[in-house]
Amino acid sequence: MKSTSAAQKKLLDAQRIDNAITRAVHRRGTLPEIAALASLTTDRDAVRGGLARDLGVFEDAKTELGRLESDVQVVEARIARDNALIAQSQSPVAVAGLQSELESLTLRRGILEDAQLEAMQVVETAETALRASQQAEAELSSQINTVNASREESLEVIAEEVSALENERANLLIGAEEPLIALYERIRAKNIVGAALFRAGTCGACNIALTGNELALVRSAELDEVLQCPECTAIMVRTEESGLW
């Protein structure tokens with residue numbers, strides 16, 4: 001393939017830009033915020049699991065306390081009823097029966113009130129654990145929001161950088177020789193480096209020195225001859241820095 005020396009030299013700038021784009025894309029996929037978000041999200045998921053359990057324990061404890069409070073109210077209502085009946089009754093037998101029932105109800109109320117106190121302590125302990133889980137979840141969510149905002153800012157900066165590089169590349173290749181660019185793109189798609197400076201007998205893409213007939217062919221080739229490295233196939237661009245003349 002033939003192409004002017006100036007056109008070939010443009011490939012060095014194109015490769016420089018492509019390298020910069022590749023580095024930017026790599027940074028985009030390896031932002032420290034990505035790993036931080038993954039770790040924080042894992043921690044928050046674990047906390048949310050504990051939060052769900054703590055909420056269940058708290059709700060069960062409140063339900064049990066409510067049941068005991070209801071039972072105490074029922075017993076107290078029956079005690080009040082029996083006391084009222086005793087006050088109204090004229091029958092010693094009926095009064096004796098009501099007093100016996102009152103003794104049982106009073107004993108039952110005492111047992112329920114003790115259980116109620118224990119249930120209140122369980123509710124308090126469960127509520128403390130629930131609030132701690134809620135606070136931990138809120139703190140992790142806040143951290144995630146902060147890191148996510150930082151990631152979005154970094155992505156925006158990289159996107160602007162890539163856009164500027166792509167515009168620079170497009171402007172550079174305006175009017176470029178299409179066969180040369182097509183060859184460059186095919187090589188770059190396979191080897192990443194599509195073109196590199198040939199200097200001191202060495203391919204700048206793979207850093208392998210040419211010797212013997214290979215080096216002689218490079219030295220004897222016309223400047224408009226497009227040369228490819230026999231090792232990596234990258235286009236070897238010759239300039240005044242190549243040391244060939």
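## A tour of the sheet, the helices and the cavity

Select strand 1 (residues 195–199) and strand 3: three bridges join them, and the two run parallel. Strands here are DSSP runs of E of at least two residues, helices are DSSP runs of H or I of at least four, and both are numbered from the N terminus. Two strands count as paired if DSSP finds at least two bridges between them.

This is a predicted model, in which local features need pLDDT of at least 70 and side-chain atom pairs count only at pLDDT 80 or more, while totals for chains, interfaces and linings use all residues. Residues are numbered from 1 along each chain as its sequence is written, and side-chain values use heavy atoms, with hydrogens and water left out.

**Stop 1: the sheet**

Ala-195 has Ile-235 of strand 3 as its bridge partner, and Leu-197 stands opposite Val-237 in strand 3.

Arg-199 stands opposite Thr-202 in strand 2. With the three strands shown, read across the open sheet in the order 2-1-3; the pairing is mixed. Strand 2 (202–203) and strand 3 (235–237) are at the edges with a single partner strand each, so one side of each has no neighbour in the sheet.

Is strand 1 enclosed or open to the outside? Four of its five residues are buried, so strand 1 is largely enclosed by the rest of the structure. Buried means under 20% relative accessible area, exposed means over 50%, and partly exposed is in between, with a 1.4 Å probe and protein chains only.

**Stop 2: two residues with positive phi**

Select Ala-200, in the loop between strand 1 and strand 2. These strands form a hairpin with two residues between them, and Ala-200 is in the turn. The phi of Ala-200 is near 55 degrees, a positive value in a residue other than glycine. Ala-200 is exposed, at 67% relative accessible area.

Next select Thr-233, in the loop between helix 5 (212–220) and strand 3. Here phi is near 70 degrees, again a positive value in a residue other than glycine. Thr-233 is partly exposed, with a relative accessibility of 33%.

**Stop 3: helix 1**

Select residues 5–29. This is helix 1, with 25 residues; from its first C-alpha to its last it reaches 37 Å, close to the 36 Å expected at 1.5 Å a residue. The expected span is 1.5 Å times one less than the number of residues.

Colour the buried residues of helix 1, among them Ala-7, Leu-11, Ala-14, Asp-18 and Ile-21. An α-helix has 3.6 residues a turn, so residues three or four places apart point the same way. What do the buried residues of helix 1 pack against? Their partners are helix 3 (92–172), helix 4 (178–191), strand 1 and strand 3.

Zoom in on Ile-21, which lies in helix 1. Ile-21 counts as buried, at 14% relative accessibility. Leaving out residues up to four places away in sequence, Ile-21 touches Val-162, Leu-165 and Glu-166; contact means heavy atoms within 4.5 Å. For a distance across the model, take the C-alpha atoms of Ile-21 and Ala-138: they are separated by 38 Å, and the residues are 117 apart along the chain.

**Stop 4: Arg-188 on helix 4**

Select Arg-188, which lies in helix 4. Arg-188 is partly exposed, at 24% relative accessibility. Neighbours within four places in sequence aside, Arg-188 is in contact with Gln-15, Asp-18, Arg-169, Val-193 and Gly-194. Gln-15 is 173 residues from Arg-188 along the chain, and their C-alpha atoms are separated by 8.8 Å.

**Stop 5: the cavity**

Finish with Ser-5, Gln-8, Leu-223 and Arg-238, which line the largest cavity. A search of the whole structure finds one cavity of 30 Å³ or more. How much space lies in the largest cavity? It holds about 30 Å³.

A cavity is a set of points, on a 1 Å grid over the protein atoms alone, where a 1.4 Å probe fits but cannot get out; lining residues have an atom within 4 Å of a point. Grid points are joined across faces, edges and corners, and the volume is the space filled by probe spheres set on them.

The lining divides into one nonpolar, two polar and one charged residue. Ala, Val, Leu, Ile, Met, Phe, Trp, Tyr, Cys and Pro count as nonpolar, Asp, Glu, Lys and Arg as charged, and the others, including Gly, as polar.

Key:
1 Å grid on protein atoms, 1.4 Å probe; cavity = no way out; pocket = protein on both sides within 12 Å on 5 of 7 lines; lining within 4 Å.
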